[in-house]
Amino acid sequence: QKYHLQVPCCVCCFPWQLLFSQAVTVKLVRTGPVSYHLMQTSTFHNHSWVHQGSGWLGELQTHSWNFSSNAIIFLYPWSRGNFSNKELMDLEKFIQIHFIAVQEFGVNHLMSEDPFELQITIGCELHSGKTFVGFVQVATQGYEFLSFQNETWLPSPKGGRKAQKACTLLNLSQAYTHRIHRLLSDTCPRFILGLLDAGKAHLQRQVKPEAWLSSGPSPGPGHLLLVCHVSGFYPKPVWVMWMRGEQEQQGTQRGDFLPNADGTWYLRATLDVAAGEAAGLTCRVKHSSLGGQDLILYWTPHSSLGLILLAVIVALALLTGLGVWFMKRW
């Protein structure tokens with residue numbers, strides 16, 4: 001399993017006292033998981049490093065990193081949360097120093113082949129609706145390498161002796177370890193709470209799905225592949241099922257959630273049925289934006305012909321228009 005991970009390597013000269021206030025216990029009553037994490041991939045090839053960095057509130061990307069200007073890119077107007085400009089500038093300085101430290105630590109203690117890939121994730125997540133728990137995970141060449149738990153760096157079994165040595169070096173610096181702990185237990189939770197408050201209108205919006213039916217490639221002689229498309233909905237949780245009356249069709253296969261350009265989601269559900277058994281089937285969609293009123297689409301033999309008929313009509317209209325235009329020109 002490949003990991004995308006981010007942060008530990010920091011430098012003692014960084015002004016952490018500007019970044020951290022007194023440690024606080026964060027409590028929040030909220031349903032569902034709440035997390036924020038930074039993701040970094042650093043690749044060394046042909047004597048040079050290439051970095052990629054991004055920040056995510058749950059599954060929503062809220063930040064990226066501009067390596068030309070060494071600056072945070074705020075992807076939404078509310079991505080600054082409630083942090084002051086000074087706090088955000090300090091974070092930018094830290095991230096800049098971090099990438100330099102990653103290169104040095106990687107070359108001196110981790111790298112064994114070219115190309116070499118280092119992946120780091122750092123963040124915090126709300127557990128049990130009460131407290132935030134921080135995490136750091138590091139992977140090399142796509143495999144688990146080490147992690148940070150309870151103010152201690154721990155090697156992964158797959159990391160071998162190299163991971164053990166790296167953890168020993170990291171754990172030698174108690175000041176560094178304590179700073180990482182403060183980053184996870186204080187700064188990260190405060191930043192999450194600020195994002196949730198500043199982005200409330202965007203994060204809590206409800207966008208109704210649109211749905212339509214089509215037929216897919218025939219799965220075999222005498223069979224149809226019925227396809228139910230659901231698109232443009234937000235938030236992500238949605239229930240889509242092929243039904244016969246009130247009976248769920250267990251053969252329903254749901255695809256992966258795919259993001260739309262506007263931040264909404266797309267999902268499709270398919271069902272392989274004998275051609276003679278397709279009549280009477282429906283696709284039912286449940287989503288929080290629908291207010292309890294499910295979308296129900298009825299399959300008919302003409303469902304797949306509708307688009308074809310529409311295409312034919314449009315083509316005839318275009319040909320007619322071109323014919324009139326040529327007649328006038330002539």
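1. Glu151 counts as partly exposed because its relative accessibility is 37% (buried means under 20% relative accessible area, exposed over 50%, and partly exposed in between, with a 1.4 Å probe and protein chains only). Its phi is positive, about 65°, although Glu151 is not a glycine. Glu151 is found in the loop between S7 and S8.

2. A word on the basis of these notes. This is a predicted model, where local features need pLDDT of at least 70 and side-chain atom pairs count only at pLDDT 80 or more, while totals for chains, interfaces and linings use all residues. Residues are numbered from 1 along each chain as its sequence is written, and side-chain values use heavy atoms, with hydrogens and water left out.

3. Asn150 also has its place in the loop between S7 and S8. Its phi is near 50°, a positive value in a residue other than glycine. With 74% relative accessibility, Asn150 counts as exposed.

4. If you check peptide bonds, please look at the one from Tyr234 to Pro235: it is cis, with omega near 5°. Pro235 sits in the loop between strand S10 (223-233) and strand S11 (239-244). Helices (H or I, at least four residues) and strands (E, at least two) are DSSP runs, numbered from the N terminus.

5. How far apart are the end C-alpha atoms of helix H3 (residues 160-172)? They are 19 Å apart, which agrees with the 18 Å that its 13 residues should span at 1.5 Å a residue (the expected span is 1.5 Å times one less than the number of residues).

6. Which residues of H3 are buried? They are Ala163, Ala166, Cys167 and Leu170. These cover an arc of only 100° around the axis, so they lie on the same side of H3 (the arc is that of the directions from the helix axis to the C-beta atoms). On the other side of H3, Arg161, Lys165 and Leu172 are exposed. The cover over the buried residues of H3 includes helix H2 (85-110), strand S7 (143-149), strand S8 (152-155) and helix H4 (174-198).

7. H2 and H3 pack at an angle of about 130°, with their axes 11 Å apart (axes are lines fitted to C-alpha atoms, for helices over the stretch in contact, and angles run from 0 to 180 degrees between N-to-C directions). The contact is made by Phe105, His109 and Leu110 of H2 and Lys162, Ala166, Leu169 and Leu170 of H3 (contact means heavy atoms within 4.5 Å).
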